[in-house]
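Here is a short briefing on one protein chain.

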Amino acid sequence: MAKTKTAYFCQSCGYESAKWLGKCPSCNQWNTFVEEIVEKNPTTVPTWKNDAAPARKLSKPSKVNEIERSPERRMLTGDKELDRVLGGGLVEGSLILIGGEPGIGKSTLMLQLALNLKGKKLLYVSGEESEQQIKMRAERITESPSADCYILTETSTQNIFKQIEILEPEIVVIDSIQTLHSAHIESTPGSVSQVRECTAELLRFAKETGTPVFLIGHITKDGAIAGPKILEHMVDTVLQFEGDRHHVYRILRSIKNRFGAAAELGIYEMQGSGLREVSNPSEILLTQRDEELSGIAIAAMLEGARPMLIETQALVSAAAYGTPQRSATGFDTKRMNMLLAVLEKRCGFRLSTQDVFLNIAGGIRVEDPAIDLAVLIAVISSHQDIPVSSKNCFAAEVGLSGEIRAVNRIEQRIAEADKLGFEVIYISKYNMKGINIEKYNLEIKAVSKIEEVFSLIFG
Ligand code: TYD
Ligand code: MG
């Protein structure tokens with residue numbers, strides 16, 4: 001009997017070691033090493049078709065301007081948000097990983113795509129749910145499902161490839177990569193080596209046949225895609241499906257995309273009958289209110305290439321205990337502390353004895369620095385208890401010395417605010433170059449210092 005070969009894998013990043021280690025030298029996590037069996041069956045060659053691997057072609061260097069570029073063929077999925085996040089449709093032979101926490105709606109998103117994609121043969125492979133469960137879900141989503149949507153409940157990659165050879169689907173969806181196992185590897189499904197091998201097989205299949213493959217992947221508590229980080233290196237595109245499970249809005253974000261801009265964003269609303277595409281996000285990110293409230297300021301921000309207006313809410317109140325609390329949802333706490341320090345230093349507000357809470361509407365996480373000014377205005381508005389007109393919006397970064405800095409694509413932000421009926425937008429003086437003021441109905445106020453903005457708004 002052959003001796004079984006094992007190795008230790010870091011469950012967090014996929015680092016392989018011959019011995020057990022307490023701390024991973026690659027990602028510095030403790031206690032993440034697990035022993036896995038890596039013995040391969042020597043008689044089988046690990047290709048997706050199970051026959052011998054084709055002899056490798058010797059590749060030669062070629063001049064970049066002599067390489068002929070064949071236009072990448074894209075297929076529209078019919079889901080506008082998904083198409084945008086993918087960079088304008090699904091590229092042939094691409095491998096796309098969709099990550100997200102359990103229960104966020106990954107299976108729903110993919111099944112919905114499968115049911116609505118008419119005229120294309122699609123195979124939905126589920127290792128998590130039975131045919132009955134999928135049928136029940138399908139009934140919730142649509143009454144007239146595509147006639148070319150096939151469901152397969154299977155977890156062995158070899159069996160899946162056998163069925164694929166018979167069916168010849170044009171798109172494959174795998175739900176989820178952590179449930180698959182390949183006969184070439186002996187460790188359990190979901191382990192690092194198993195996930196890596198199954199992904200490699202699917203990658204070969206996608207590239208050799210030009211079939212796009214969607215992989216659903218679970219996310220661990222701390223937000224990493226469970227199993228190896230290397231999964232992210234292997235696939236062409238990584239999409240993250242996120243949102244608060246208690247909110248109805250879901251965001252599909254591209255983290256990596258070989259075929260389009262990363263940082264694209266798609267927004268959905270989870271309804272009783274599946275996910276609805278939200279084409280005008282500002283509509284949901286601005287609360288409808290009749291009276292002016294203090295502590296609210298609206299930012300004209302940009303996510304990917306998409307302008308949207310979003311409400312930032314702040315609550316400032318006297319700290320009941322010694323150390324004031326600082327907490328931010330949807331915004332970096334460190335950055336908030338920095339902005340508060342700027343307020344103290346430049347404008348003389350005494351915030352060190354105050355609790356400050358900050359919330360970005362809709363459960364969205366904002367990284368665009370153009371939200372800075374709106375954050376500061378919301379904080380001061382709450383502190384002074386003076387409301388800011390809901391017809392005002394802000395788009396500028398704030399620097400450490402209280403200077404108002406320019407942000408990118410200002411025209412797009414102004415145009416969006418104008419379209420939504422805002423009356424005034426505050427931007428940096430340094431952003432004014434080349435802006436055609438006449439084009440817009442709203443008034444553009446150019447400012448260069450934080451003190452200036454305050455005297456304009458709070459008098
Ligand atoms: P699911 O797609 O199973 O999540 P994942 O695959 O990411 O684990 O989504 C499950 C949640 O979505 C579940 O809590 C029920 C809810 N849901 C709806 O609200 N409406 C629907 O039409 C469907 C199908 C699910
Ligand atoms: Mg699922």
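Two strands count as paired if DSSP finds at least two bridges between them. The model is predicted. In it, β9 and β10 are joined by four bridges. These two strands run parallel. D175 stands opposite I216 in β10.

**The sheet**
- Nine strands form an open sheet with mixed pairing.
- Their order is β8-β7-β9-β10-β6-β11-β12-β13-β14.
- β8 (149-153) and β14 (274-277) stand at the edges, and each has a single partner strand, so one side of each lacks a neighbour in the sheet.
- From one strand to the next, the twist averages 25°.
- Strand β9 covers residues 171-175, and strand β10 covers residues 213-218.

**Helices on the sheet**
- Helix α3 (residues 131-141) lies across β7 (122-126), β8 and β14.
- The direction of helix α3 is at about 150° to β8.
- Helix α5 (residues 192-209) packs on the sheet and touches β6 (95-100), β9 and β10.
- The directions of helix α5 and β10 make an angle of about 160°.

**The chain overall**
- The protein chain holds eleven helices and 23 strands.
- Its C-alpha atoms fill a box of roughly 85 × 55 × 50 Å along the principal axes.
- Of its 459 residues, 49% count as buried.
- Among contacts between residues at least 6 apart in sequence, 66% join residues at least 24 apart.

**Surface and charge**
- The accessible surface of the protein chain comes to about 22500 Å², and carbon and sulfur atoms account for 50% of that.
- The chain has 53 positive and 59 negative charges, whose mean positions are 5 Å apart.

Notes: Residues numbered from 1 in each chain as written. Chains lettered and ligands numbered in written order. Predicted model: local features only at pLDDT ≥ 70, side-chain atom pairs only at ≥ 80, totals over all residues. Heavy atoms only, no water. Axes fitted to C-alpha atoms, helices over the stretch in contact; angles between N-to-C directions. Contact = heavy atoms within 4.5 Å. Buried < 20%, exposed > 50% of the residue type's maximum accessible area, 1.4 Å probe, protein only. Areas by Shrake-Rupley, 256 points an atom, 1.4 Å probe, with all protein chains shown as cover. Lys, Arg positive; Asp, Glu negative; His and termini not counted. Charge placed at Lys NZ, Arg CZ, Asp CG, Glu CD.
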